[in-house]
Amino acid sequence: MLGGLINDMTGGFKNAQLKGSAVLMPKNVLELNDFGAAAMDSVYEFLGNGVTCQLISSTVVDHKNGNRGVVGAEASLEQWLIPTSLPMITAGESKLGVTFNWSVDKQGVPGAIIVKNNHNSEFFLKTITLNNVPGTRTGTIVVVANSWIYPQAMYGYKRVFFANDTYLPHQMPEALKPYRDDELRILRGSDHHGPYQTHDRVYRYDVYNDLGESRPILGGTEEHPYPRRGRTGRMLSQTNSRYETRLWQVVQHIYVPRDEVFGHLKMADFYGYSIKALVQGIIPAIRTYVDLSPGEFNSFRDIVKLYEGGIQLPDIPALDEMRKQFPLQLVKDLIPMGSDYILKLPKPQIIKGDEKAWMTDEEFAREMLAGVNPMMIKRLTEFPPKSTLDPSKYGDHTSTITEAHIAKNLEGLTVEQALASNRLYILDHHDNLMPFLMDINNLGETFVYATRTLLFLRGNSTLAPVAIELSLPLIQGSLIAAKSTVYTPESTGVDAWIWQLAKAYVQVNDYGWHQLISHWLNTHAVMEPFVIATNRQLSVTHPVNKLLMPHYRDTMNINARAREALINTNGIIEMTVFPRKFAMAMSSAVYKNWNFTQQALPDDLIKRGMAVEDPLSPYKVRLLIEDYPYAVDGLAVWHAIEQWVTDYLAIYYPSDGVVQGDVELQEWWKEVREVGHGDLKNAAWWPKMQTVAELVKASTTIIWTGSALHAAVNFGQYPYAGYHPNKPSGSRRPMPEKGTEEYAELARNPEKVFLRTITSQFQALVGISLLEILSKHASDEVYLGQHDTPRWTSDAKALEAFKRFGARLEDIERQVVAMNANPKLKNRSGPAKFPYMLLYPNTSDHKGNAEGLTARGIPNSISI
């Protein structure tokens, strides 16, 4: 009788078995270069009772266990007897067999699995696949884990993974619903306040109180609003309990939930190590080099030598010590070594074809349409340009540019005619920077103007700068007025160099805005609350979770690395970008006016006057500059994403009522608005999330932000700004005035004065060393339209829709190549002969051909 009872509990018949396989990766593979050997050496430790699995029924409940799905007997991983029969798997991974004693007739169809690690170290579990399962449509059940499994003793709960089926909350099989609820409760970690350990999986929110006690806390106040970051649970500072303690960079990492450090070879780990190597080893060496040398570049040729022969860094023993501390050979290769200690950088694309093309007005203007920050230019609708600064504090900041300044460069048009025909445009950093200039320039090491640049759309569809206004704050009683000077194009003598300097001051503004706002704030920072809320509120079985999760990969991880060494007090951003210690406070001030709906490309283009609504156009908007590479390629990609999201969500949301009745979805959106972006929760622009259309638009915007928008502002950094005269990160001197020694010096040695005016040698070397790291595509990059787990869902309709998405993106690739080859489209390559490929999807590349500094391809997520 006892035997029969045990038999019933464990599945009945001994011959009732389900066979399957598990794909996993041992931890020690990470620490070796020979992944194949590492896998073979370590796979044996997982055999026997090292790792056990238990199936959970999706159709039969255990009334004695809270009506949860019946749990089967433990099954251990087994060695495959015929390795040559295995399908190809990624290097470093191991595929092991598993046999379950399970009767589908008695125990039902499995819908989840418990995995227990009885070892002393973690491993990464990718998938578990069951074959020949009765009662299923295909006979196969795939469990997608993509998770680190730590020793069971470290968890206060069982690790449960679900089959790749998709369910809205009300559709979840009753037998699995308690497990779904348990998993979300664990991830929310409401009863776990920290400090969190490496193995923890807690997603909670916090303010940016970990950048250093001498900087304001970002988030949670009206003065300094900010998106929330992931909570670490670290101890608070003993000197100021409002701040979190900082970590020792070399030996400690900021906590992120373990599965946010995705997979085994993901390059975010390499980037993290590279940034540490830069901070701890290379920067001190550069500083010593600069101290021992003249400390300045004297000519453009001096800079080009960086890419041709490199520079000899001083012999610093710390560099060799640094190499010993980092486990990855890739990072060791980054750190200079040997008797010469040469720091050599690759030649940026902007000067590969022509070393002087960057100096032309055409290239200067083209980069506003096809550079690394092509989302700032606006159509001018009134002349002269007016300010939106508060007149009670700033007075009248209307531009001092007059028609007389620009009339000769309007191809015979009056200003009024040029405005009416949509041919005047502006790059306006005046209002962006004026409120901060007094503080920034008082630092003593920086001299920055607030700039306005007027541009004219010529008959050949290229833009030409026609005037640049440089402004400084001027105290007039209780007002902060502006002292402005206007410069116009010149081509000969010292005046031509004055014009070059005027353009350089514009590029300084644009570089700082790009790094702090277009890049960090509008992609990295604003995405993190969506990552956290999705993990906390949407089950892995939820269709929106499956839709969005690929676009979150490694974002929390890389943001944590940024807080360690880039955006922190005295970090690389403060060290190299002109706002210096005011950088993050400036991004907080800009966040006050952030608008989620304007992250959508069509909305952004319309807001900036670069496009108008047009129901007859393929993308429902019509560009007013037809040859605008960022917008042309971007709209094609946006539309492809929107079509994919529409097709996918239609499978699960046949009506608005289903959206309204989805309790997880409603909690997710409520939390994004009220907590993740809680400082802006009362903004009127937030979608109500009551319709399928709102869900489609929001999901499309999230995917666009994490993929294409980030690609547009990230992977061109080194190609455009790696040659820093083209995109300086700071300026140090005012514009030379006639009659002064500085003006005479400019006439005698213009390149030297130009280089002494912009970024210092030390800042340049550090800055471009960082940009080289940040601009590289990974060898294991997963591009838009690709998926790292081919069987991410069991839904055939969803897989077919995703296949169509990939095909559309590959069509866009062909279109981009064709446009770049069209000589009529002058803004595609420009004088620098550098074709615009930042929004080339690269979906067709499955071999890593875009690895490195290729300025080509749209990764799925913000992983650098």
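Reply: A residue counts as buried under 20% relative accessible area, as exposed over 50%, and as partly exposed in between. With that cut-off, Arg808 is partly exposed because its relative accessibility is 21%. The model is predicted, and the values below are computed from it.

The partner of Arg808 is Asp647; the two form a salt bridge in which the closest N and O atoms are 3.6 Å apart.

Two packed helices are described by the angle between their axes and the distance between the axes. For helix 20 and helix 28, the axes come within 9 Å and cross at roughly 170°. The two helices are therefore roughly antiparallel to each other. On the helix 20 side, the contact includes Val637, Ala640, Ile641, Trp644, Asp647, Tyr648 and Ile651. Across from them, helix 28 contributes residues including Ala801, Phe802, Phe805, Arg808, Leu809 and Ile812. By class, this contact has 17 nonpolar residues, one polar and five charged. Asp647 and Arg808 are both among the residues that meet there.

Helix 14 (residues 493–537) and helix 25 (residues 741–748) have axes that come within 9 Å and cross at roughly 105°. That makes helix 14 roughly perpendicular to helix 25. In class, the residues of this contact are seven nonpolar, no polar and one charged. Val494, Asp495, Trp497, Ile498 and Leu501 of helix 14 meet Tyr743, Leu746 and Ala747 of helix 25.

Helix 14 and helix 25 also take part in covering helix 26 (residues 750–757), as does helix 6 (300–308). Six of the eight residues of helix 26 are buried, so that helix is largely enclosed by the rest of the structure. The buried residues are Pro750, Val753, Phe754, Leu755, Arg756 and Thr757.

Asp428 and Arg452 form another, with the closest N and O atoms 3.6 Å apart. Here the link is between strands: Asp428 is in strand 15 (residues 424–428) and Arg452 in strand 16 (residues 450–457), so the pair joins parts 24 residues apart in sequence. Asp428 is buried, at 18% relative accessible area, and Arg452 is buried at 0%. In the salt bridge of Glu308 with Arg301, the closest N and O atoms are 2.4 Å apart. Glu308 is partly exposed at 40%, and Arg301 is partly exposed at 39%.

Some salt bridges are connected to one another. Asp206, Asp210, Arg229, Arg231, Arg234, Glu244 and Arg563 are linked in a network of them. Within it, Asp210 lies in the loop between strand 10 (205–206) and strand 11 (229–230). Asp210 is buried, with 0% relative accessibility. Its side chain makes a polar contact of 2.7 Å with the side chain of Arg563. Leaving out residues up to four places away in sequence, Asp210 touches Arg229, Arg234, Glu244, Arg246, Ile254 and Arg563.

For the chain as a whole, there are 28 helices and 20 strands. Of its 864 residues, 61% are buried. Among contacts between residues at least 6 apart in sequence, 75% join residues at least 24 apart.

Definitions and conventions: Residues numbered from 1 in each chain as written. Predicted model: local features only at pLDDT ≥ 70, side-chain atom pairs only at ≥ 80, totals over all residues. Heavy atoms only, no water. Helix = DSSP H or I, 4+ residues; strand = E, 2+ residues; numbered from the N terminus. Buried < 20%, exposed > 50% of the residue type's maximum accessible area, 1.4 Å probe, protein only. Polar contact = N/O pair within 3.5 Å; in protein donor to acceptor, adjacent residues only side chain to side chain. Contact = heavy atoms within 4.5 Å. Axes fitted to C-alpha atoms, helices over the stretch in contact; angles between N-to-C directions. Parallel < 35°, antiparallel > 145°, perpendicular 65-115°, else oblique. Nonpolar A, V, L, I, M, F, W, Y, C, P; charged D, E, K, R; others polar. Salt bridge = Lys/Arg side-chain N within 4 Å of Asp/Glu carboxyl O.
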